[in-house]
Amino acid sequence: MAAVATDDITTTTGDRRVRRTRTALARALIKLVEEHDLSRISVSDVAAGAEVSRSAFYDHYRDVHELAEDACTAMIDSLLEALPVPTHGSADMEEEATRSLTAFFASLAEHAGLYRALLGPQGSPRVADHIRRRIAAVTHDHLTGTGGDSTPQQVPHDVAAAFIAGALIGVAADWLQRGRPRPPAEMAAATWPLLNAYYRADLTSAVSVPRPPGESAG
């Protein structure tokens, strides 16, 4: 059996220690934001909740906002994988879109304290922008992956992605700040037509532009 290099063992052990510490810090933050505004949570609060030292915190993050961004990244990634892309002409799209949006809002609700803190008026503009950019990036990938058939040709994919990201962030932030007055399924049913309406309207104007009386199509 080949010998395992000491450096490899040290690296593996170090990686596990890093993951454990970061996981503990993330869990501590998620628990704290259920009770306190993000702006009021200190490094000392998080370190105490994770049962690590302040110096251990600073070994991994510059500040609480950077930890918050890291803590939400994995959750955001899983949320975005199933997000729908506005389209037209698909009989099954509405049902599929509503289902994936329901999962999106349900996941937000599961960690409502964290997302409310990040997206609220006392939250972090840096983290909100991070989430917005992640939504836009994943949506852009979805759009380009369809071969360009999901949106009218005159709508650039980067503009479409920014539109969807801004709309979802706005709706989600308002919903969270108002204490989630509607269940996820109802939010999904209300949100999808709004996202898709722009593209249907844009497509209609592109293929059927009214002409003045007497003007020829040529």
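Guide: What follows is a set of questions and answers on the labels used for this structure.

Visitor: What kind of model is this, and how are residues numbered?

Guide: This is a predicted model, in which local features need pLDDT of at least 70 and side-chain atom pairs count only at pLDDT 80 or more, while totals for chains, interfaces and linings use all residues. Residues are numbered from 1 along each chain as its sequence is written, and side-chain values use heavy atoms, with hydrogens and water left out.

Visitor: How many helices and strands does the protein chain have?

Guide: The protein chain has 9 helices and 0 strands. Helices (H or I, at least four residues) and strands (E, at least two) are DSSP runs, numbered from the N terminus. Along the sequence the pattern reads α-α-α-α-α-α-α-α-α.

Visitor: Why is E51 called exposed?

Guide: Exposed means over 50% relative accessible area, buried means under 20%, and partly exposed lies in between (1.4 Å probe, protein chains only). E51 has 73% relative accessibility, so E51 counts as exposed. E51 sits in the loop between α2 and α3 (54-58), and has a positive phi of about 60 degrees although it is not a glycine.

Visitor: Why does R180 count as partly exposed?

Guide: The relative accessible area of R180 is 35%, so R180 is partly exposed. R180 lies in the loop between α8 and α9. R180 too is not a glycine, yet has a positive phi of about 55 degrees.

Visitor: What share of the protein chain is buried?

Guide: Of the 218 residues in the protein chain, 38% are buried.

Visitor: What makes a set of residues a nonpolar core?

Guide: A nonpolar core is a set of buried Ala, Val, Leu, Ile, Met, Phe, Trp, Tyr and Cys residues joined through side-chain atoms within 4.5 Å. The largest one has 51 residues, of which L29, V46, Y115 and I131 touch the most other members. Among the helices that each supply at least two residues of this core are α1, α2 (43-50) and α9 (184-207). The helix that gives the most is α8, with 9 residues. In soluble globular proteins, nonpolar side chains tend to be buried together.

Visitor: How do you know that E95 and R99 form a salt bridge?

Guide: A salt bridge is a side-chain nitrogen of Lys or Arg within 4 Å of a carboxyl oxygen of Asp or Glu. For E95 and R99 the N to O distance is 3.9 Å, so the pair meets that definition. E95 and R99 are 4 residues apart in helix α5, and therefore separated by about one helical turn. Both are exposed.

Visitor: How many salt bridges does the whole structure have?

Guide: A search of the whole structure finds 6. One of them joins the side chains of R178 and D174 at 2.9 Å, N to O. R178 is partly exposed at 46% relative accessibility, and D174 is partly exposed at 39%. Between R182 and E186, the closest N and O atoms are 3.4 Å apart. Salt bridges that share partners also join D129, R132 and R133 into one network.

Visitor: Why is R17 called partly exposed, and where does it lie?

Guide: R17 has 47% relative accessibility, so R17 counts as partly exposed. R17 lies in helix α1 (residues 6-33).
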